[in-house]
Amino acid sequence: MKIHLISAVWGDQYTDLFLNVCLPNQLTPGNLRAFGETDAVYKIYTSSKDAETILDNRFYKEVESLMPTQVVALDHLFRSSGHSTPISILLMTQCHKAAIDSANMAKAILVFLPPDQVYSEGAFARLIEIASSGKRAVTLSGVRLSKETFVPAFKEKFTDENGHMPSPSRDLVELALGHMHPITASMYIDAKSPNGAPTHLYWKVGAEGFVARCLHLHPLLLNPVSKSRLIYGNFDTDYFQKAAPLPSDYYIVTDSDDITAFEMSPVDKSVGFIGASKFNIIGYARFLKRNGHHIHKYFLTEAIRIHSTQTDDNWEAIDAESSNIIQAALALAKLPDSILRLWAFLLEKMR
Amino acid sequence: MGRLSKDYPAKFVILGTARKDFVLKAINSLKSRVTNIVAVVNNERNSPFPGLDYDVKSFAGHITKFNISLLATLRQIKPGVIVVVIGDQFIHKNVFETLKFWMRWRLLNKSELYVSYSFDPDFIEYWDETFELPASTRAFADKDLSLLIITPHPRLGWINRPADLTVKVTRKKGAEQYQWRCRIDRAGARFTSEDQNYVADRPLLSVFGPSEVFGVALNDDEVFSWILQEKFSSWNVRNYGAPDYSLHQSCLALEERFGAEKPKIVILGFSARRDFSEDELLKAKTLCEEHDAELIVISMDGKPAVYSEFLNENGFTWPSASIDPGKGAAEEKVMAHKALAEALEETIKSIIAREPRSK
C-alpha cells in the first residue's frame, strides 16, 4: 500500500505547533509507527526558511528514522506574498495541488495531515485498517479548539517520557470539551449568537460530549478513484467530489472512540458572520441550498458522536432529534429560494 | 511565458475579480511584457484605477452567465487573452464557467484563458482544466517532483513555470539523503547563474530537451548549462529543457524561442531510444539554418548517432553511455553533466572560432 502523508505548513507559529505538538502526537505506536508495513512517505510542503527549522527539529528527525521523507520548499509561492491580507487558503491549495499531482503520479493514497490537528492514539492504525477494507475516503469532524489554552493542557496531560503525546480518545475528548473555540461555540444548536455559516451543528449531551452534524468534514484519507487534478478551491470541496464521487466510497467517522481529531486555532481567529437571532431552520435550509454538493449533503445524514464517557439512551434521543432537524432542513432546501426567503421574512415579522 | 511577447497582437484583458491592489499588481507585472492591456473591473471599483497607459472598462453586477453588462464589455473589446485575477482566498469557478459558456455558445470570441494569483502576480498560468500530467513510461527517481515546476501551455502541452524550490529527500528510513534546489526564471529557463542576468549585447546559447537536459534532481549549479555559462562568461546561456519533453515538444519550444530571441548556438538534447524522429531533427536543423544558428545535438542515452548522415558534425552522444541521468545516484548525474560540459566546450569553441554561417 503506497501512502503519501501530506502536510503543508509555514510561518513561525504554525511550524512550531506542527513540530512540537502535532508531530509528537503522531509519533506514537498507534499513529505514525503503525505505517511500518506500508510503503509510506511523509511529505512536507513549506518555505525554505521554515524548512530549516523543520530539518533541525528532533521530532522531524524521528519521522526520518521511521519512513522516507520529503521536505519541499516552494519559495516562489511564499516570497511574493508580502502583503497583509491572509492568503493562507490559496497557498495551502497550491501546496495540496503539488501533493495531489505527486500522489497521482505515484498511484499513492493521500493522508492529509493539517499542521494544527491532533489525533487520538491509534487513529492512523485504524485509518490503515479502513483503507484496507476498500473504502476510498475517510472523513471526520475535526472540531476546532482554542489553541492558547488547549495546547499547554494537552502537553501537560499527554507528554510521555520520550516527549511523545499519545492521547487516548476519551481522555482527549474530555480535555477538548473545556477548550472549545468561539467558532465551535457558535455552532451549537442553542447558541445565543449562532454562526452565519453553520457548516457544523452541535447538540450537547450533558457534560459528556455532543452530537455533530457536519456539512463539511475533514478528509483525512483519500484513495482517488480518478486521478483528477486539484483545480478549483480547497481540496475538501470540488476536488473530493471528482476524486471519490460515490457516497458509498466514504467512511464517515461517526464515533470519537473510532478516530478523533481536533484542530487548534488561535482564539482570535475570525468567527465570521454571526446571525442576529437564534438558530432557525429556514435560514439553515437556505444555507444548505447555497452550499455543498451531494457528498457534503451525504455527510449531514450521519450523526457523529464526540464523547468522553460511555454513550447511553440519552445519546440515541439526541441523535434522533438532530436527525429530525437535518431531514427537515434538507427537505426545505429543495423549495425555491423565493419561497424560503418569504417564509423567513414572515417568521421574522411574527417574532 | 513563452507566448507572451511585447508585440502580442491580440487584446489582453485583465479581468479583476479580486481586490483592486491585486489587480493592479497583475497589470503592473504584465505591462512590462505585453501591450494592448485593457483592465475590466466591476464598476464599483473602477474609479480608483489609474488608467495611465492602459484602458479601463467596467461592468455591473456579479459575474454570472446572465451578466449582460460584462458580456457587452468583453464583446466590444474582442480579447485574444483573458487573465482572471484571483483574490486572496478562493478561485471563483463561476468566472471561468461563465467565460467558457459564452465562448462555447459563440457569444464571445474564443480567447485564451489565464489565471493570475494574488500571491504570485509575476506569473500567469494557462487555465486548462483538462490538462493531464505527462505520462512517461520511464522510471524516474524524482519524477513526481518534476511536476512541481510545470504548468499547462496551449501549444507545447506544458512548460516550466517560474519557481524557486528546494527539495530535501530522505530515503529508506534516514539513509540516502540528498537535497536539490531548482530555480526557473519568468521565461521558463532554468537558472544558469546566481543572478540569471541576461546581458543584451552578448550572444546567446540556448539549450532544449527533456528532463536530463533540465537536470531534475540536480542543483542549478550542477547542470551542464550552468557549467557552460561559467566557461563562456561572455555569452548568455539559457536552459529551456523541461521535464518529460519529447523531441517534438523541444522542437516546438525552439520555434517559440526563435520568435522571442536569436540564439547563435542551439543545443538540442533527446533520447535516441525513447523518441527518435528524423523529421523532428531535420525540422530543428532547418529552423537553426533559417535563423543563422549552429545546432548541436545530444543523444541523451548514449545510443549511437544514427542521425549522423543528415546532421552536421556536431552530433553528440551523452558522454557516459552507461548512465541514464534520470536514474543513477546524485553523484553519477553530477559527473555526467560535468563530462558533458567538458565535451561540449571544445565543440562550442570550434564553432565560435569558425567563420559565421552564411546562408
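Let's start with Ile267 of chain B: in this predicted model, Ile267(B) has 0% relative accessibility, so it counts as buried. The cut-off for calling a residue buried is under 20% relative accessible area. Ile267(B) belongs to strand β13 of chain B, which covers residues 265-270.

What does Ile267(B) touch, once we leave out residues up to four places away in sequence? The list is Leu205(B), Ser206(B), Val207(B), Phe208(B), Leu228(B), Ile296(B), Ile298(B), Leu344(B) and Ile348(B). Take Leu344(B) from that list. Along the chain, Leu344(B) and Ile267(B) are 77 residues apart, yet in space their C-alpha atoms are 9.4 Å apart.

While we're in chain B, have a look at Ser250(B), in helix α7, residues 247-260. Buried or exposed? Ser250(B) counts as buried, because its relative accessibility is 0%. Its contacts, again without residues up to four places away, are Phe208(B), Gly209(B), Pro210(B), Tyr245(B), Leu268(B) and Gly269(B).

Now to where the two chains meet. Strand β9 of chain B, residues 163-171, is mostly covered, with eight of its nine residues buried. Which strand of chain A pairs with β9(B)? That is β3 of chain A, residues 69-74, running antiparallel to β9(B) and joined to it by six bridges. To find the pairing on your screen, pick Leu74(A): its bridge partner in β9(B) is Leu165(B).

Chain A contains 14 helices and 13 strands. Its radius of gyration is 20 Å, close to the 20 Å that the globule rule gives for 351 residues, so chain A is as compact as a globular protein of that length. Along the principal axes, its C-alpha atoms fill a box of roughly 65 × 45 × 40 Å. Of those 351 residues, 58% count as buried. Chain A exposes about 13600 Å², and carbon and sulfur atoms supply 54% of that area. And if you take the contacts in chain A between residues at least 6 apart in sequence, 78% of them join residues at least 24 apart.

Next, two sheets in chain A. One is an open sheet of three strands in the order β5-β12-β7, with mixed pairing. Which strands stand at its edges? Those are β5 (117-119) and β7 (143-146); each has a single partner strand, so one side of each is left without a neighbour in the sheet. From one strand to the next, the twist averages 35°. The β5(A) strand runs antiparallel to β12(A), residues 261-265, and three bridges join them. One pair to look for is Gln117(A) with its bridge partner Glu263(A) in β12(A).

This sheet has helices against it. Helix α7 of chain A, residues 147-158, packs on the sheet and touches β5, β7 and β12, with its direction at about 90° to that of β7(A). Helix α8 of chain A, residues 169-176, lies across β5, β7 and β12 as well, and runs at about 35° to β12(A).

The other sheet is also open and three-stranded, in the order β8-β9-β13 of chain A, and here the pairing is antiparallel. At the edges are β8 (200-205) and β13 (304-307), each with a single partner strand, so one side of each has no neighbour in the sheet. Neighbouring strands are turned by 25° against each other on average, direction ignored. Four bridges join β9(A), residues 209-214, to β13(A), and Phe210(A) stands opposite Ile306(A) there.

Just after the helix, Gly292(A) has a positive phi of about 90°.

Last stop, helix α3 of chain A, residues 58-66, whose buried residues are Phe59(A), Tyr60(A), Glu62(A), Val63(A) and Glu64(A). An asparagine turns up here too: Asn57(A) caps the N-terminal end, with a side-chain oxygen 2.8 Å from the backbone nitrogen of Phe59(A). Thanks, everyone!

Terms used:
Residues are numbered from 1 along each chain as its sequence is written. Chains are lettered from A and ligands numbered from 1 in the order in which they are written. This is a predicted model: local features need pLDDT of at least 70, side-chain atom pairs count only at pLDDT 80 or more; totals for chains, interfaces and linings use all residues. Side-chain values use heavy atoms; hydrogens and water are left out. Two strands pair if DSSP finds at least two bridges between them. Axes are lines fitted to C-alpha atoms, for helices over the stretch in contact, and angles run from 0 to 180 degrees between N-to-C directions. The radius of gyration is taken over C-alpha atoms; the globule rule is 2.2 Å times the number of residues to the power 0.38. Buried means under 20% relative accessible area, exposed over 50%, partly exposed in between (1.4 Å probe, protein chains only). Contact means heavy atoms within 4.5 Å. Accessible areas come from the Shrake-Rupley method with a 1.4 Å probe; for residues, only the protein chains shown count as cover. A polar contact is a pair of N or O atoms within 3.5 Å; within protein, one must be able to donate a hydrogen and the other to accept it, and residues adjacent in sequence count only if both atoms are side-chain atoms.
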